Amino acid sequence: MKTVTAVVVLALALSFSCSASQVGRDGGDPVQADGRHRPAVAAPQVPHSVRAKSLVLERSSPATSAMDIAASAQASKCEAIFTRALEDSRAIVHLRDLVAAAPKRLSGSKGYEDAVAFATQRLRDIGCDEVRTEPVLVPCWVRGEETASILSAEHVALRVTALGGSVPTIAGGLEAEVMMVKSFEQLRELGDAARGKIVFFNRAMPRAFLRTFQAYGDAVPQRSNGAVEAAKVGALAAIVRSMTTSIDGHPHTGAMRYDDAVAKIPAAAIATADAELLARKLAESTSPVMVRLVLGCRNQPDVNASNVVAEIRGSELPDEVVVLGGHLDAWDLGEGAHDDGAGCAQTIEAMRLLMACGIRPRRTIRAVLFANEENGLRGGIAYDAAHGSERHVAAIETDSGGATPFGFSCTIAREAAGPYRDLLAPLAAYHCDAFAPGGGGGADIGPLAARGVPCFGLVTDSQRYFDYHHSALDVVSSVNERELALGAAAVAYLALALADQ
Ligand SMILES: [Zn+2]
């Protein structure tokens, strides 16, 4: 997940409904009283459990209305999907295989093409009706050498990574005094004092926010706009404290932007532990603290890439579409396991689950694995340019990591979102019916949202997400198989419910 606006909107919307009183009232996982899993169900017609029935009956009276029968049928399909997801999940297999095929898959790289080849083949192998690639022209930014050190009596190395899109330092690197700020306002007050220096943005993600996406939204402008703001006051480079709630030794990369009206200066992130160290040096030192920064990254001409698209054709209204997707590109420091390998694995698995359960939706469910979310959003824009005029009844994005799903945010305002809230009711049995109307859907489906298409974003437990996000720690071993599987089931169910409504 990248887009700042979307993150903030989502975070604000999540001051919501995810309370213990709202989930799991009479739900629980599909394990029998003797502790064994329920037997597998091959089709949605299999009678659903007493627990799931009671959930529907609580919401419905009289129980014989057409609406209740439809709701009961949806609850039955939901249970079939979750039961199969928990008993026979392939989500972690899709994720492992994706990462094995394309451990590094930043847009414009050979690894991204490997990811496209893998995903195309996997979607064919699971039996989707139609699988194709669609062209997207993407930026090509290449990481190079990257080092930084404090130039004291003994040089102290800082663990550093270039921000995506950064220009390089001058050949051989640059050396300059460091000036620390915690806000753009503070930087502007410094005025000329920052000229010729390296600006060090050291505002931490606020720890008090329960939803860490909200904390990210608070701090991330330092990363995305720090180079522009620092250049405006004549600085030579920008260094930002990594965007994570952890204090550790891993720098976290991410997108940054330039303004053509302002000088382009190099920008990098340092590990939070090293940010604390640098801040201490600045507080203790009686003389200027000098840092040497070397970045060898460079921007190259755009290259041809692809979105990957696959469908389960609708039985009654095949020309009406529900989009379900995540982004296939990832930052290059780790394996992009949570961001967004998890979303790709869940999208593929959702399609497999629906087919494995023998479900044919009324409308077409279209899986889209988007290119270039992290450093350009061109995949989402290209999808919209090619398909935006088609009848999209809804779109779902899963790009909040592979942790336990809590529910969904939605772009529809609260006053108009009642019917969508009702669709989530069967998810209560899986503690996944939290609903945040008026929030975001996702960056890749943002262009569809701008057309008025109802867009949904999977909401997950966010406490550990930024431990891994955009760093070398975002690897498959940090993803839990069952948590990932639950997210796949949740998006499969919602896609179906939206396609059948
Ligand atoms: Zn992402």
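Helices (H or I, at least four residues) and strands (E, at least two) are DSSP runs, numbered from the N terminus. Residues are numbered from 1 along each chain as its sequence is written. Because the model is predicted, local features need pLDDT of at least 70 and side-chain atom pairs count only at pLDDT 80 or more, whereas totals for chains, interfaces and linings use all residues.

**Confidence**

- The protein chain has a mean pLDDT (the predictor's confidence in each residue, from 0 to 100) of 89, and 87% of its residues reach 70 or more.
- Over residues 2–63 the pLDDT is below 50, and this stretch has 119 contacts in the model beyond near neighbours in sequence, a contact being two residues whose C-beta atoms, placed from the backbone, lie within 7 Å.

**The sheet that contains β2 and β3**

- Eight strands form an open sheet of mixed pairing, in the order β3-β2-β9-β5-β6-β7-β8-β4.
- Its edge strands, each of which pairs on one side only, are β3 (156–158) and β4 (160–162).
- From one strand to the next the twist averages 30°, with axes being lines fitted to C-alpha atoms, for helices over the stretch in contact, and angles running from 0 to 180 degrees between N-to-C directions.
- Strand β2 (residues 146–150) pairs with β3 in the antiparallel sense, over three bridges.
- Helix α8 (residues 221–232) packs on this sheet, where it touches β6 (198–201), β7 (237–241) and β8 (267–270), and its direction makes about 155° with that of β7.
- Helix α9 (residues 272–284) also packs on the sheet, with contacts to β2, β3, β5 (174–181), β6, β7 and β8, and its direction makes about 85° with that of β5.

**The sheet that contains β1 and β15**

- Eight strands form an open sheet in the order β1-β10-β12-β11-β13-β16-β14-β15, again with mixed pairing.
- The edge strands here are β1 (130–142) and β15 (434–437), each pairing on one side only, and the twist averages 20° from one strand to the next.
- Strands β11 (residues 317–327) and β13 (residues 391–397) run parallel and are joined by six bridges; within this pair, Glu320 has Arg391 of β13 as its bridge partner.
- Helix α11 (residues 378–387) packs on the sheet and touches β1, β10 (298–312), β11 and β12 (363–370), its direction making about 140° with that of β1.

**Nonpolar cores and buried helices**

- The largest nonpolar core has 101 residues, and those with the most contacts inside it are Leu95, Ala489, Ala492 and Ala495; such a core is a set of buried Ala, Val, Leu, Ile, Met, Phe, Trp, Tyr and Cys residues joined through C-beta atoms within 7 Å.
- Helix α15 (residues 481–500) gives the most to this core, with 15 residues.
- Not counting residues up to four places away in sequence, Ala492 touches Ile81, Ala350, Leu353 and Leu354.
- Another core, of 44 residues, lies apart from the largest one and has Ala148, Ala230, Ile270 and Val289 among its members.
- A residue counts as buried if 20 or more other C-beta atoms lie within 10 Å of its own, exposed if 12 or fewer, and partly exposed in between, with C-beta atoms placed from the backbone.
- Helix α7 (residues 212–219) is largely enclosed by the rest of the structure, because seven of its eight residues are buried, namely Thr212, Phe213, Gln214, Ala215, Tyr216, Gly217 and Ala219.
- In α5, the buried residues include Tyr112, Val116, Phe118 and Arg122, and what covers the buried residues of this helix includes α4 (91–101), β1, β10, α10 and β12.

**Backbone details**

- The peptide bond from Asp339 to Asp340 is cis, with omega near 0°, and Asp340 lies in helix α10 (residues 337–356).
- Leu377, in the loop between β12 and α11, has a phi near 65°, a positive value in a residue other than glycine, and this residue is buried, with 20 other C-beta atoms within 10 Å.
- His431, in the loop between α12 (418–423) and β15, has a positive phi near 60° although it is not a glycine, and His431 is buried, with 21 other C-beta atoms within 10 Å.

Notes:
Pairing = 2+ DSSP bridges.
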